[in-house]
Amino acid sequence: LLEPVPQLPVLYTSLGFSVFAFLSTIYLVPSLGPTFINANLKGNDLLKTYSTPIPESMGLVCASVYIVTLTLFIPFAFSDALTTPVDSSAAEGITVSEFPHRQLAVYLSSLLSLLTATLLGFLDDVFDIRWRHKLPIPIIASIPLLMVYFAERGNTNVVVPLPLRYLFGTLVNLGPLYYLYMSLLSTFCTNSINILAGINGSEVSQALIIAVSVILNDLLYLPWPIGVRVPVHLLGNNTEIGFGGVWKAGMAFGSKELVERHLFSLYFMLPLVAVCAGFMYHNWYPARAFPGDTLCYMTGMAFAVIFNFILSCPQLFGLVPCPRHRVPRFDPATNLLHPSKAVFERPPSRLTTFILQVFSMLGLTVSTPHPKTGLIHETTNLTILNFLLVRLGPMSEKRLVQVLMCVQAAGSVLAFFIRYGLAGLVYDG
Ligand code: UD1
Ligand code: MG
């Protein structure tokens, strides 16, 4: 028989909290704007003809609402443990032995990492921290989470894809390297949302779409009262998908641990979607508020934005010059955006030239040779925004953020396809 699964009503409580978080953000962002401007937390919209100061670092409001919501929710997340006695012989009320200390540790360490990320983002907004100083901070912020992972005897094995099994076997234990990988992932995530920035709505919409995708995935694993199962054979021989969940043959559907894991993910993702949606209302073109680095670091702690980061590497690591702003160039006469450029002050090295030639060949950038020397003299900046403008031609800021959101959503669809479709080809069950 299956173990009793956690009750879904707690999920509805989380939904209620999220609605409250959404309304608070909608209300607080415009009413605190002037306070932020007075504290000198403001910026000019680079891609507009007007220069009204726009309140910056408003992500601090989102982060505060988010963290307060998660904190108030703690007693509800553990309400099962608070109300159910172990067995009939045990004392009524709170039972110490059954309390899920592990889950509490995970919950609290996640909050700690979110708080650290918020602090780092806010300090960056106020002091403009240098790259080499801000890189290691998220690694430190990830230590509490890693420790809990270790204490839980977290898995450090990776499953090897079928074609490589004759080399490595079915499982490879990465051991300490797995922890290194996870701590680097945190630096990667926090910085990657921040560098996909500069047009109204870009930062917060990425976070929103990824969080919604995570939610959709979690919902598939919950024991819904409607027990309809729709076998989808296209998804690979052993997989079924439906209101009841996605499961593999042999996997106890609705197993307590699996359901709990996805419920936890939902408790964190629902209020995140709420604050992002509330903020996006004010950040949508033409923006009345900027997220600042605070929002980027806080949301980045939750997930990754891969393509833009890989594309940016040559500029982030100094092979190609990186101007202070890599936002597209604004043409006030037509109200259109064009790709912006980085200019080489010194001739590029062989490696740089090679990388840029490959990028140009792949259609990611356009580099212009110097008329006299023939060496690369300037290149379009290495961000996804400039890439979209190179490929699709000049467009307005509003259109560009819409295209960006479609790309992000397509990325999520692809991820679902790989997880539930292709995985059957390279992995077995
Ligand atoms: C990152 C990018 C930089 C980009 C900047 C824009 C890298 C390495 N850095 O720097 O290329 O130009 O973000 O945010 O990729 N702004 C707008 N419209 C918006 C949002 C921001 O014009 O919708 C401008 C405002 O002037 C605002 C400033 O960008 O004051 C904020 O810049 P900040 O977040 O401090 O830049 P970085 O994160 O350091
Ligand atoms: Mg920023």
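**Stop one: a helix pair**

Select residues 9-38, helix α1, and residues 59-77, helix α2: their axes come within 9 Å and cross at roughly 155°. Keep in mind as you go that this is a predicted model. Angles over 145 degrees count as roughly antiparallel, so α1 and α2 are roughly antiparallel to each other. The crossing of the two, α1 and α2, is right-handed.

Now show side chains where the helices meet. On the α1 side, pick Val10, Thr13, Ser14, Phe17, Ala21, Ser24, Thr25, Leu28, Val29 and Leu32. Facing them from α2 are Val61, Cys62, Val65, Tyr66, Thr69, Leu72, Phe73, Phe76 and Ala77. Colour this contact by class and you get 14 nonpolar residues, five polar and no charged.

**Stop two: the ligand**

Jump to ligand 1, which has 19 residues around it. Which are the closest? Select Gly43, Ile195, Gly198, His325 and Arg326. Colour the shell around ligand 1 by class: this time there are nine nonpolar, six polar and four charged residues.

Most residues other than glycine have a negative phi, and most peptide bonds are trans.

Go to the loop between α11 (256-283) and α12 (292-300), where you'll find Pro286. Look at the peptide bond joining Tyr285 and Pro286: it is cis, with omega at about -10°.

Next, pick Asp128, in the loop between α4 (101-127) and α5 (131-134). Asp128 isn't a glycine, yet its phi is positive, about 50°. Is Asp128 buried or exposed? Asp128 counts as exposed, because it has 10 C-beta neighbours inside 10 Å, and the cut-off for exposed is 12 or fewer.

Then move along to Asn335, in the loop between β8 (329-331) and β9 (336-338). Here is another non-glycine with a positive phi, about 65° for Asn335. Asn335 has 15 C-beta neighbours inside 10 Å, so it counts as partly exposed.

**Last stop: Glu98**

Finish in the loop between α3 (79-83) and α4, where Glu98 sits. Glu98 is partly exposed because 14 other C-beta atoms lie within 10 Å.

Note on methods
Residues numbered from 1 in each chain as written. Chains lettered and ligands numbered in written order. Predicted model: local features only at pLDDT ≥ 70, side-chain atom pairs only at ≥ 80, totals over all residues. Near = placed C-beta within 6 Å. Nonpolar A, V, L, I, M, F, W, Y, C, P; charged D, E, K, R; others polar. Helix = DSSP H or I, 4+ residues; strand = E, 2+ residues; numbered from the N terminus. Buried ≥ 20, exposed ≤ 12 C-beta atoms within 10 Å, placed from the backbone. Axes fitted to C-alpha atoms, helices over the stretch in contact; angles between N-to-C directions. Parallel < 35°, antiparallel > 145°, perpendicular 65-115°, else oblique. Left-handed = near helix turned anticlockwise from the far one by under 90°. Contact = placed C-beta atoms within 7 Å.
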